[in-house]
Amino acid sequence: MAFASKDVTKHNLPTRNYFWPLKRYQDMYQRALTEPKAFWAEQATLLDWDKPWQKVLDWNPPYARWFVGGRLNASTQCVDRHFKSWRKNKVAIYWEGETGATRTLSYADLYHEVNAYAAALKKLGVGKGDRVTVYLPMIPELVLVMLACARIGAIHNVIFAGFSAQAIADRVNDSQSKIIITSTGGYRRGKILQLKEIVDEAVKMTPGVEKVAVVKYTGHDAAFNPEKDVWFADYMDSSCSYVKPESMEATDPLFILYTSGTTGKPKGILHGTGGYLLYAAKTMQWAFNPKEESIWWCTADVGWITGHSYGVYAPLALGLTSVMYEGAPDYPAMDRWWRIIEKYGVNIFYTSPTAIRMFMRNGEEWLANRDLSTLQVLGSVGEAINPEVWEWYCKYVGYENCPIVDTWWQTETGGFMIAPCVGIQSYPLKPGSATLPMPGIDPVVLDPDGNESAPGKTGFIAIRKPWPGMLLDVYGSPELYQQTYWSRFPGYYAAGDYSMKDQDGYWWLLGRADEVIKVSGHRISTAELEHAMVGHAMVAEAAVASKPDDVKGEAIVLFVTMRKDVEPSGELKKELIKHLRTSIGAVATPEEVIFVEKLPKTRSGKIMRRVLKAVASGIGIGDVTTLDDQTSVEEVVQAYEELKAAATKTVR
Ligand code: PRX
């Protein structure tokens with residue numbers, strides 16, 4: 001909301017040879033809207049189909065099924081077809097480990113490795129439709145395992161390697177995975193991440209897991225339990241193996257990726273094969289316009305949707321060359337990323353506002369001695385990029401010579417929804433706006449009653465028509481799918497964000513409208529945090545709010561009431577923080593813990609979230625007359641004053 005009233009300067013960035021005429025975007029957008037089936041059928045020629053589809057779209061709200069009857073395999077799209085072309089010796093991935101180790105994989109290497117990994121998975125007993133949990137650091141094996149799963153029709157369930165044992169166990173149990181693929185460890189800021197140890201803890205809570213296949217990466221001695229553990233390498237055949245790719249229905253699931261929503265438990269977002277892959281690849285072309293020779297670097301961890309779609313599937317489907325980096329951006333020093341851009345001659349760089357804010361805070365001197373002149377296009381994702389950060393990114397990273405592609409989308413959408421298309425449109429960018437919708441995307445701003453809002457008015461963003469990258473379902477919970485996305489505004493996909501469309505038709509994404517917090521661009525639900533917190537024996541009640549943070553965007557503020565006879569103390573605070581970190585992971589670390597006697601509640605017992613937020617953020621309660629529960633203004637003000645007083649007195 002902060003940007004809505006800001007008078008933003010218009011940018012006319014140099015066009016180089018990136019932009020196509022605006023008219024081309026408008027024509028394409030119009031056609032996608034009026035003749036979606038013909039439009040998407042034309043786009044779908046980007047992929048090689050084993051069997052053509054019979055129906056472009058089967059729209060049976062709220063379920064959309066794209067390219068029904070069509071058959072293809074995602075690993076063939078990403079690997080085989082390039083291997084069988086002149087691209088076989090083209091570099092697919094330049095990998096750099098945190099320690100400085102490097103690996104270069106051509107499309108031929110990828111082909112051989114993916115086949116070998118697929119053969120190993122089969123030997124391990126994995127078959128079509130099985131869920132495979134993957135808990136790996138950012139090493140090439142992560143990509144190889146994903147593609148190997150795709151090759152044999154197994155559904156990968158990648159878990160970000162920063163999540164805790166409990167978080168892994170929840171996701172493994174929900175997805176009913178019988179196998180977990182992990183590594184001995186990984187490197188982060190010079191230390192070894194004990195991934196195998198974390199998996200060992202998780203496995204104590206996952207009765208359905210039969211095997212843990214371990215990739216040897218870090219050299220240290222990781223515990224090995226012969227009952228369940230196997231070395232992945234023992235299942236790999238050194239002689240050349242070929243595994244015939246499963247010809248999958250376009251509508252068959254490709255992967256599950258868990259994300260936080262408004263409930264206490266993360267939801268398994270299920271994505272399909274044909275529609276998802278096409279949408280990821282097409283949107284990458286439209287938004288970033290990569291050239292055959294471009295070097296692409298998406299810094300997101302593959303454990304998040306950005307890494308799935310634009311770190312793995314889209315660039316490989318397009319036969320591009322990507323950079324993949326394992327470690328921390330500031331290790332061993334604040335210029336690590338800039339050195340990587342320089343070293344590999346990166347042309348298109350896609351990262352998050354949180355990362356840019358961190359660099360901004362540490363000063364541009366870290367960029368001064370680096371040559372970033374190969375950069376042509378810059379991207380941003382995960383949260384709104386504030387205009388000051390946009391300007392800094394543009395000036396110090398892009399030398400005021402690169403368009404900034406601010407991409408708004410979600411785990412559920414599979415690919416970009418609103419973003420500038422350097423590939424197809426030429427119009428001024430506005431810092432802080434994700435600009436216009438992608439072809440085929442029909443967003444609207446709705447008021448709380450579901451009526452369309454006028455330009456300039458803030459409301460809820462909803463999408464009117466299905467698109468090929470749309471999630472298939474919530475794994476194992478069609479009710480949750482229906483309720484989360486389709487019940488708030490019947491007939492529309494409700495994204496859960498506030499938004500505003502300005503007079504020029506530009507979209508401004510203004511943050512979550514639900515109880516989801518974005519910490520460093522990572523999605524965490526307050527319910528999930530609260531649920532984990534009350535799991536601590538000494539906690540009676542917990543409530544979570546966020547406050548603005550200069551680097552992370554939002555930071556977690558935890559309000560807790562303790563059980564009888566438990567005295568708040570500095571030690572207890574540390575203990576509660578540790579509890580959240582072990583229940584969820586480091587992303588769940590609260591910035592502040594505030595001990596209170598009671599939480600602010602309405603007469604019907606609902607937590608007054610606005611009061612929490614007002615105290616957490618320090619911005620005050622503001623206009624309380626619009627509160628829509630039955631609580632009187634006096635009660636809210638009183639609750640606010642009480643909570644504020646408790647917060648100032650809390651144990652530090
Ligand atoms: O609130 C929006 C924010 O991130 C949410 C989706 O989070 P996740 O599923 O983790 O996916 C992140 C990567 C696609 C959205 O509901 N968000 C994402 N990109 C932007 C954004 N908010 C503003 N501007 C963006 N460019």
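How many aromatic pairs does the structure hold? The structure holds 47. Rings of Phe, Tyr and Trp (its six-membered ring) pair if their centres lie within 6.5 Å; planes under 30 degrees apart count as stacked, over 60 as edge-to-face and the rest as tilted.

Before you click, note that this is a predicted model, in which local features need pLDDT of at least 70 and side-chain atom pairs count only at pLDDT 80 or more, while totals for chains, interfaces and linings use all residues. Residues are numbered from 1 along each chain as its sequence is written, and side-chain values use heavy atoms, with hydrogens and water left out.

**Stop 1: aromatic rings**

Select Phe224 and Trp231. Their rings are stacked, at 4.9 Å centre to centre and 20° between the planes. Phe224 is partly exposed, with a relative accessible area of 35%. For accessibility, buried means under 20% relative accessible area, exposed over 50%, and partly exposed in between (1.4 Å probe, protein chains only).

Now select Phe288 and Trp296. Here the ring centres are 5.0 Å apart and the planes stand at 70°, so the pair is edge-to-face. Phe288 is buried at 0% relative accessibility. Trp296 is buried too, with a relative accessible area of 1%.

Next, show Phe39, Trp40, Trp49, Trp53, Trp66, Phe67, Tyr279 and Trp286 together. They form one aromatic cluster.

**Stop 2: charges over rings**

Lys216 lies over the face of Trp231, 4.4 Å from the ring centre. Then pick Arg171 and Phe163. The charged end of Arg171 sits over the Phe163 ring, 4.4 Å from its centre. The test is that NZ of Lys or CZ of Arg is within 6 Å of the ring centre and within 35 degrees of the ring normal.

**Stop 3**

Select residues 91-96, strand β4. Five of its six residues are buried, so β4 is largely enclosed by the rest of the structure. Helices (H or I, at least four residues) and strands (E, at least two) are DSSP runs, numbered from the N terminus. Two strands pair if DSSP finds at least two bridges between them.

β4 and β5 run antiparallel and are joined by five bridges. Val91 stands opposite Ser106 in β5. The two strands form a hairpin with five residues between them. Click Gly100 in the turn: its phi is positive, about 105°.

β4 pairs with β17 in the parallel sense, over four bridges. Ile93 stands opposite Ser322 in β17.

**Stop 4: the eight-stranded sheet**

Show the open sheet of eight strands in the order β12-β11-β8-β6-β7-β14-β15-β23; its pairing is mixed. The edges are β12 (229-231) and β23 (473-474), each with a single partner strand, so one side of each is left without a neighbour in the sheet. Zoom in on β11 (residues 211-215) beside β12. They pair in the parallel sense over three bridges. Val230 in β12 is the bridge partner of Ala213.

**Stop 5: the four-stranded sheet**

Move to the open sheet with the order β21-β22-β24-β25 and antiparallel pairing. Its edge strands are β21 (443-446) and β25 (507-512), each pairing on one side only. The twist averages 45° from one strand to the next. Axes here are lines fitted to C-alpha atoms (for helices, over the stretch in contact), and angles run from 0 to 180 degrees between N-to-C directions.

Select β24 (residues 493-501) with β25. Four bridges join this antiparallel pair. Met500 stands opposite Trp508 in β25.

**Stop 6: the ligand**

Select the ligand and the 17 residues around it; Asp406, Thr407, Thr411, Arg512 and Arg523 come nearest. A residue is near if one of its heavy atoms lies within 4 Å.

Which polar side-chain atom lies 2.7 Å from a nitrogen atom of the ligand? That atom belongs to Asp406. A backbone N or O atom of Glu383 lies 3.4 Å from a ligand nitrogen. An N or O atom in the Gln410 side chain is 2.8 Å from a ligand oxygen. A polar contact is a pair of N or O atoms within 3.5 Å; within protein, one must be able to donate a hydrogen and the other to accept it, and residues adjacent in sequence count only if both atoms are side-chain atoms.

**Stop 7: Asn347**

Finish at Asn347, in the loop between α10 (336-344) and β18 (348-351). Asn347 counts as buried, at 12% relative accessibility. Its side chain reaches the backbone nitrogen of Ile295 at 2.7 Å.
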